[in-house]
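Subject: Structure handover

Hello,

Here is the structure we talked about. Please open it beside this email and follow along.

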Amino acid sequence: MNRIKSHLKMHYINTKMSLIIFWSIMFAISVLGILIALYARSRGYNGTITISHMPAVVIFGAISGLVSYNETLPYMLNMGITRKNFILGYALYNTVLSLILSVIFTFLTLWESLLYNLLGFSNQQIGQIFTAFSIGEIFDRIWSCFIITLAVTAFFTLVGSIYYKKGIMYLFGIGALIMLVMFIPGVAAGVFRVLEYIILYLTGDKGYLTMTLFSLAFFLACYSIIYPLARTSQVKR
Amino acid sequence: MKYAVECRNISKNFGRTTALSDINIKLEKDKIYGLLGRNGAGKSTLLNIVTAQVFPSSGEVKIFGETPYENDRALRHLCIVKESGMFLKDVNVGDALDIASSFYDNWDNNLAERLLREFELDRRKTYKNLSLGMRSQLGIIVGLASRAPITIFDEPYIGLDAAGRQLFYDALIEDYMEKPRTIILSTHLIDEVSNLLEDVIILHKGTVKLEGNSEDIKNKAFYISGIKDSVESHVSGKKVLNKEEFGKTMAVAIFDSISEKERKAMEADDLIISSVPLQQLFIFLTGGKMIKRGDMNE
């Protein structure tokens, strides 16, 4: 257990600076967005200004999953951790990171919503996700961001683990195979139905429970592939 | 007897390349070993296999009687410091030591702090901004402060100047005297470390060329020089490593024992007997043609 604690400590130390930089940029963009909105209104613009930091948060989670796996696996093996403990620690890191990103994302959005409201913008004008400003709404936002980020992070960790173990050509091969599979009648339509479901979920039209179960199942499916890959991975020459 | 490290019939192939072939070594507890070999001899591969970072193609490794692969208890006995670096590039020196301290059960923070001061390493500098020598210093600090029962230094002083290397040797021997443990030092700089090593293992092209107590080895390696005919008659039947002729004189390096009677006979014939330094012996064993026992006419 204390090896996993050490593992998480390593991730905390390794990630904290990139997290600080990332969120500083996000807050700077947020302030810039408010200034642009004020300027646009002063010039008579009355349309909707849509602001969402969700893609940036998801991309951060994805890059983190991809890069961090490749950087930390050899380092951790060098520090004498077992591959099993590495994967347990890494899954925990994915979860904690997704949660932290979601919490900060939610509070950033909350802060923006409050500020826009204070400046006299209506929710309709801004397209913000906060309407009631209730505790329930805050938790809803954290949870919805969390389960999406968790699934994306797990997926990119899977990509990272395939890259580490098999190399880039293998990944290209998988990519080509997926593209071929998409040509099978019905597959592309199915994929788009899933994407539609996710978007509807994000806009609040679908239930949390289904999406949560979907995300957890996806997370576990990714890790059920990552685990045997990591167990047979070696430090590269 | 439980050995600190035991390798049985270890072989490793990378595609068609054989990196290691049938390696059998047993390393005892609380000894300093030198793992010597030329570039590409298989030293790093062997050390990666010992630490379960690389899988052998065949054979097995035991760490205090246990296989290290996915064995937390066995892996806790190990600390390896590599020439290629072992740190995350965006982490600063202070944080790197902080991370390391949480992984090694016997971590000595006072020693780490003392070495940090002695090496004059800035703890705020990130790893990617350290020079090659500074990176080596950080690795050395982690290796020594880990106080792991088996501490492995794989070419730990790349980029370190002579003073820095001397500081490492002094700290190593001082710490070893205080807390004995099994230390494996993989290196090219044999002359510098020859006095530290209790046992040496010479790897050449993936096989163990020579293994044994360093004093015993030194006591078996001699230069015999003098008149050619006389030298040839005295070294006949001995394992000759090298021979050089200078007109009527000849200098021969042998790797064999010389009895007291043989020594007196050589001295009576005005032959000069001197010892072969470990580094020179290493060169003879790995660099050039090995002349077989008693085969002087090759």
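Two strands pair if DSSP finds at least two bridges between them. Strands are DSSP runs of E, at least two residues, and helices are runs of H or I, at least four, numbered from the N terminus. This is a predicted model: local features need pLDDT of at least 70, side-chain atom pairs count only at pLDDT 80 or more, and totals for chains, interfaces and linings use all residues. Residues are numbered from 1 along each chain as its sequence is written, while chains are lettered from A and ligands numbered from 1 in the order in which they are written.

Start with the sheet in chain B. Three strands form an open sheet in the order 2-1-4, with antiparallel pairing. Strand 2 (17–27) and strand 4 of chain B are the edges, each pairing on one side only. Five bridges join strand 1 (residues 5–14) of chain B to strand 4 of chain B. There, B:Ser11 stands opposite B:Ser58 of strand 4.

Next, a loop residue. B:Phe55 sits between helix 1 (43–50) and strand 4 (58–63) of chain B. Why is B:Phe55 counted as partly exposed? Because it has 13 C-beta neighbours inside 10 Å. The cut-offs are 20 or more for buried and 12 or fewer for exposed, with partly exposed in between; C-beta atoms are placed from the backbone.

Last, the two chains. 19 residues of chain A are in contact (C-beta atoms, placed from the backbone, within 7 Å) with 20 residues of chain B. Helix 1 of chain A gives the largest share of chain A's side, seven residues.

Best wishes

Conventions:
Contact = placed C-beta atoms within 7 Å.
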